[in-house]
Amino acid sequence: MDKTKLLKLSITELIKAFELGQTSSEEATKACLEKIKNSQLNAVVHINEDAINLAKEADKKRREGKKGRLLGVPILLKANMCTKDNMPTSCCSNFLKDFKSPYNATVVEKLLKEGAVIIGKANMDEFAMGASNETSAFAKAKNPHDLTRIPGGSSGGSAAAVAGLECYASLGSDTGGSIRQPSALCGVVGLKPTYGSVSRRGLVAFASSLDQIGPITRTVEDNALLYEIIMGEDEKDSTTNRKPEKFVQNIGAPIKGLTLGLAKEYLDLPADSEVKQTVLNTIDFYKKNGVKVVEVSLPNIDKALAVYYILSSAEAASNLSRFDGIRYGKRVEGKDLIDTYYKSRTAGFGAEVKRRIMLGNYVLSSGFYDAYYKKATKVQQVLKQEFENAFLKCDCLIAPVCPQVAWHFGEKSTPISNYMADIFTVPVNIVGRPAISFPCGVNKDNMPIGVQLIADMNREDVLYKLASYFEKHKGVK
Amino acid sequence: MDYEVVIGLETHIEQNTKTKMFCSCKNEFGGAPNTNCCEVCTAMPGALPVINRQAVYNTIKAGLATNCEISKTFYFDRKGYFYPDLAKAYQISQLYVPICKNGKVEFEVNGKQYAIRLNRIHLEEDAGKLVHGLFGETLVDFNRGGVPLMEIVTEPDFRSVEQVMAYLDTIKNIFKAIGVSECRMERGQLRCDVNVSLRPFGSPNFGTRTEMKNLNSFKAIERAIKFEISRQTKILNSGGKIVQETLRWDDVVGQNYPMRSKEDSQDYRYFPDPDLLPITITDEEIKKIKNELPVLPAQLKSEYKKKYGFSDYDATQLSKNIEISKFFEECVKAGIEPREASNWIQGEISNILNEQVGEEIVIKLVPINFAKLIGLYKAGEISQASARQVLRKIWDSNEDPGEIVEKQGLKALSDDTEIRKIVEEIISKNPNAVNDYKSGNKKALAFFVGQTMKATQGKANAGIVNKIIIELLGE
Amino acid sequence: MISRADVENTAKLSRLEFSKEELDQIQVDMNSVISYMEILNKVNTSKVGDLVREIGEMREDEICPSVDPEELLKNAPKKEGTAFVVPKVID
């Protein structure tokens with residue numbers, strides 16, 4: 001098959017082409033690897049040396065009539081997902097540069113069970129802390145729509161690779177927008193599942209109470225397929241609580257009668273006018289197609305960012321304390337044990353990670369715990385209640401994903417200006433709800449703009465219905 | 001000046017669950033380093049804890065056995081500090097809502113009843129072990145890392161070392177009785193942190209306290225506390241001030257030293273572990289655990305007093321230890337008269353146990369064999385001395401006491417004429433003792449009994465010997 | 001405002017070393033983030049309880065095979081047999 005045509009296929013189309021004998025996993029995998037090799041995107045940081053062998057095996061299995069919903073499909077993982085293979089699980093940190101996990105993440109086991117070919121690991125902000133990929137300890141990933149711009153973050157490599165046709169889908173992780181925001185900035189589809197739907201076992205933790213793994217794909221249908229495969233409870237992650245469900249059936253389902261909630265406070269958060277206009281157009285589109293639009297209220301949505309940075313930093317400071325240079329990772333010998341801790345950690349972590357650890361330990365330290373950490377958990381409850389009230393009136397909320405399109409490298413110089421980029425996405429993590437980000441237009445520079453739909457707990461079905469309907473009937477310019 | 005001693009205890013007790021607290025690795029003492037480990041207990045990136053239900057139930061059991069309130073909903077917190085035996089650099093523990101709180105433990109010292117308040121019992125994970133290597137380096141082994149550990153925290157209610165020792169003995173026996181731990185101190189299954197302070201008698205305020213960490217034998221605890229009391233007394237009497245610090249007891253030197261590694265003031269940054277959700281326990285579960293509780297030593301004691309008419313002392317001796325009370329009950333079941341069993345347990349068996357090394361009580365004696373032995377003794381087939389001799393023979397073998405008596409010719413000498421002959425000989429050889437006896441010295445009787453026993457290698461029937469001596473010497 | 005002593009204490013808790021210049025910058029950064037967080041004080045949370053999360057499940061006390069120590073130690077910067085090695089610990 002023609003290589004460009006082959007790489008542009010959706011997963012569904014690729015599997016059909018496998019079945020019709022028009023192409024093979026080997027061919028598709030080779031095409032992806034070649035594309036990666038010649039790419040300027042820096043989207044992929046670790047290549048699976050076994051990928052072609054695995055693809056050949058998948059082809060053999062298919063010939064033998066063996067099944068697998070992703071049999072032979074080349075997929076990328078974010079570099080914070082553990083694999084027990086030849087690839088490091090580096091989190092794009094110098095600390096874990098050469099770290100090889102002794103076990104597979106649960107999502108990896110699930111992908112392998114369905115026959116997926118994991119071809120590599122994608123670039124990311126170090127330990128998923130960042131919104132632009134600029135904190136990666138490796139060469140920064142770039143936006144396929146404009147190489148002078150960031151791909152977003154932290155799953156920047158995952159989104160750039162999918163948009164740049166370097167794989168058929170990827171997994172990202174989303175703590176405060178890290179799947180949705182790069183998906184929006186790269187013009188692909190990303191889902192942040194309901195908290196507790198996808199096992200976090202083997203996902204190198206950033207903020208345990210907020211982290212979720214989710215799929216990044218080129219179509220909504222591919223997204224639903226991948227989500228179906230990776231979700232469901234895991235006895236080794238006690239925060240998972242959900243039986244397996246089917247989602248592909250929601251693709252193209254009628255949306256008439258669904259209710260879309262508009263929260264003025266949410267939509268009024270600061271964003272570029274082009275972004276806001278595109279979201280308004282999307283609302284209009286749904287209105288015209290039989291979706292009821294109601295007003296709802298989220299009075300404290302402007303507090304979400306502060307809640308997020310307190311909780312996520314506190315958890316991160318604790319989660320990253322295991323990186324002490326004793327059992328794995330960077331070790332710089334000091335004059336004694338304590339000095340070795342200092343030197344290893346100082347050499348292993350980048351500036352942003354250190355900033356978050358400092359912030360996290362500060363808000364947890366004696367004398368400040370009540371004022372910051374505890375206060376944040378209380379406001380979190382207020383926000384949860386507000387979302388609960390909102391979902392009494394609607395099936396889905398709508399909001400921008402990111403206040404702006406992909407910016408240029410180095411444009412945001414202060415931590416706060418970087419953190420503000422998460423203002424629309426973090427509330428969703430704070431309240432544990434699922435949200436999907438999908439392309440809804442472009443700006444004057446032809447850079448993609450995404451929109452975000454947020455559903456109530458465990459209602460990804462609504463997201464897939466609405467997003468696939470838009471994708472089919474409106475399309476993207 | 002004399003001071004009032006104020007002591008509080010934090011006792012760590014390792015549970016005997018099959019698996020660790022937060023992963024399914026074997027909970028087993030020893031083994032080559034890191035052989036009972038997985039990604040969770042060595043804190044590999046991405047590994048997640050999952051709560052062991054049995055460990056939670058065991059803790060509830062411990063709480064019920066020590067009169068605690070049980071929290072219906074509780075959760076786990078992270079306690080952060082860097083130390084090489086703590087893989088995650090935080091320990092999963094409980095600060096804000098422990099499983100058990102507000103308990104009470106009662107015990108006796110010299111016949112006086114005391115009650116110590118428990119602040120809490122919380123559940124956490126044990127740390128790994130550091131072993132010093134040959135070349136000055138330290139080796140880290142996480143086999144113990146993640147073993148379920150209960151921390152029993154008392155209020156500062158102790159006023160003497162004796163109270164502390166009695167309390168420890170009591171809780172050790174309770175925890176063994178309810179089956180949640182073997183409490184083997186030489187294996188570190190029971191360890192103690194002791195807080196000691198002094199104050200003038202009558203003072204409402206506490207003095208500055210010092211903490212002694214990880215004391216791991218009753219003897220060390222006793223010595224360390226005594227040392228610390230005299231150290232603090234000396235300082236206060238010379239007008240000095242006690243520094244609040246953590247001390248390490250050196251059992252060889254017999255002194256306390258400040259701990260260097262813990263010198264920077266600790267800020268543990270506790271917060272709820274986001275990897276674990278809160279746990280709710282239903283009334284039905286608590287009821288079920290309550291029903292599983294065995295009769296505890298204190299209840300057993302009153303039971304023994306009522307059922308067997310034992311004195312307070314006897315009942316205490318037989319009930320306080322699960323190994324002893326179990327053996328006692330088996331003896332009674334095997335047909336030994338309770339008072340006879342009690343006498344033997346507190347007599348020769350207690351002697352044998354005291355001779356054993358280690359603090360653990362191990363009784364291998366088969367009750368049926370023991371009952372047979374007592375039967376032989378009671379029937380006058382063997383003397384008491386022979387019975388003691390046979391008891392030591394069957395102590396850790398499963399031999400038949402009858403066969404041993406037969407084989408070793410221990411059968412009691414009950415033949416009147418034979419004993420009479422021996423006694424007559426002894427009397428003729430000891431005219432002085434005869435005079436003593438006749439002049440009213442009762443001790444002389446014991447002398448003749450002793451001599452007769454010696455001559456018969458202890459086999460003579462004591463009753464018959466007595467009878468004959470009195471008869472021959474005349475009243 | 002976060003004092004220099006707070007920043008230095010936090011660095012110690014974090015086991016991170018900073019140069020004087022880095023500390024200056026971190027203090028500025030932390031102060032700007034912390035002052036942004038003051039927004040939370042606008043929310044009255046006096047009636048909000050403590051627990052925010054759903055109730056979880058526990059696992060049964062059943063043994064699963066442990067991981068091969070070779071695998072667990074394969075990334076260790078220093079090891080001896082199946083033990084991790086650290087600089088001498090003094091207690």
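Me: Is E323(B) buried, partly exposed or exposed, and what is its relative accessible area?

Reply: The model is a predicted one. A residue counts as buried under 20% relative accessible area and as exposed over 50%, with partly exposed in between. E323(B) has a relative accessible area of 24%, so it is partly exposed.

Me: In which element of chain B does E323(B) lie, and with which residues is E323(B) in contact, leaving aside its neighbours within four places in sequence?

Reply: E323(B) belongs to helix α7 of chain B, which covers residues 322-333. Once the neighbours within four places in sequence are set aside, its contacts are K176(B), I361(B) and I363(B). Take I363(B) as an example: 40 residues separate it from E323(B) along the chain, yet the two C-alpha atoms are 7.3 Å apart.

Me: Where is N31(C) found, and is N31(C) buried or exposed?

Reply: N31(C) sits in helix α2 of chain C, residues 20-37. Its relative accessible area is 11%, so N31(C) is buried. Leaving aside neighbours within four places in sequence, N31(C) makes contact with M1(C) and I2(C).

Me: What is phi of N110(B), and where in chain B is the place of N110(B)?

Reply: N110(B), a residue other than glycine, has a positive phi near 50°. Its loop runs between β6 (100-109) and β7 (112-125) of chain B. N110(B) has a relative accessible area of 79%, so it is exposed.

Me: Which peptide bond is the one from G153(A) to S154(A), cis or trans?

Reply: Most peptide bonds are trans. The bond from G153(A) to S154(A) is cis, and its omega is near 5°. S154(A) is part of the loop between β3 (117-122) and α6 (156-163) of chain A.

Me: How many helices and strands does chain A have, and what is its radius of gyration?

Reply: Chain A contains 17 helices and eleven strands. Its radius of gyration is 21 Å, close to the 23 Å from the globule rule for 477 residues, so chain A is as compact as a globular protein of that length. The C-alpha trace of chain A spans about 65 × 55 × 45 Å along its principal axes.

Me: What share of the residues of chain A count as buried, and what is its accessible surface?

Reply: Of its 477 residues, 68% count as buried. The accessible surface of chain A is about 15,100 Å², and carbon and sulfur atoms provide 49% of that area. Among contacts in chain A with a separation of 6 or more, 75% join residues 24 or more positions apart.

Me: Where do the mean positions of the positive and negative charges of chain A lie, and how far apart are they?

Reply: Chain A has 64 positive and 54 negative charges, and their mean positions are 1 Å apart.

Me: What confidence values does the predictor give the complex, and what is the mean pLDDT of chain C?

Reply: For the complex, the predictor gives an ipTM of 0.97 and a pTM of 0.92. The mean pLDDT of chain C is 93, and 97% of its residues reach 70 or more.

Notes: Residues are numbered from 1 along each chain as its sequence is written. Chains are lettered from A and ligands numbered from 1 in the order in which they are written. This is a predicted model: local features need pLDDT of at least 70, side-chain atom pairs count only at pLDDT 80 or more; totals for chains, interfaces and linings use all residues. Side-chain values use heavy atoms; hydrogens and water are left out. pLDDT is the predictor's confidence in each residue, from 0 to 100. Helices (H or I, at least four residues) and strands (E, at least two) are DSSP runs, numbered from the N terminus. The radius of gyration is taken over C-alpha atoms; the globule rule is 2.2 Å times the number of residues to the power 0.38. Buried means under 20% relative accessible area, exposed over 50%, partly exposed in between (1.4 Å probe, protein chains only). Contact means heavy atoms within 4.5 Å. Accessible areas come from the Shrake-Rupley method with a 1.4 Å probe; for residues, only the protein chains shown count as cover. Lys and Arg count as positive and Asp and Glu as negative; His and the chain ends are not counted. The place of a charge is taken as NZ of Lys, CZ of Arg, CG of Asp or CD of Glu.
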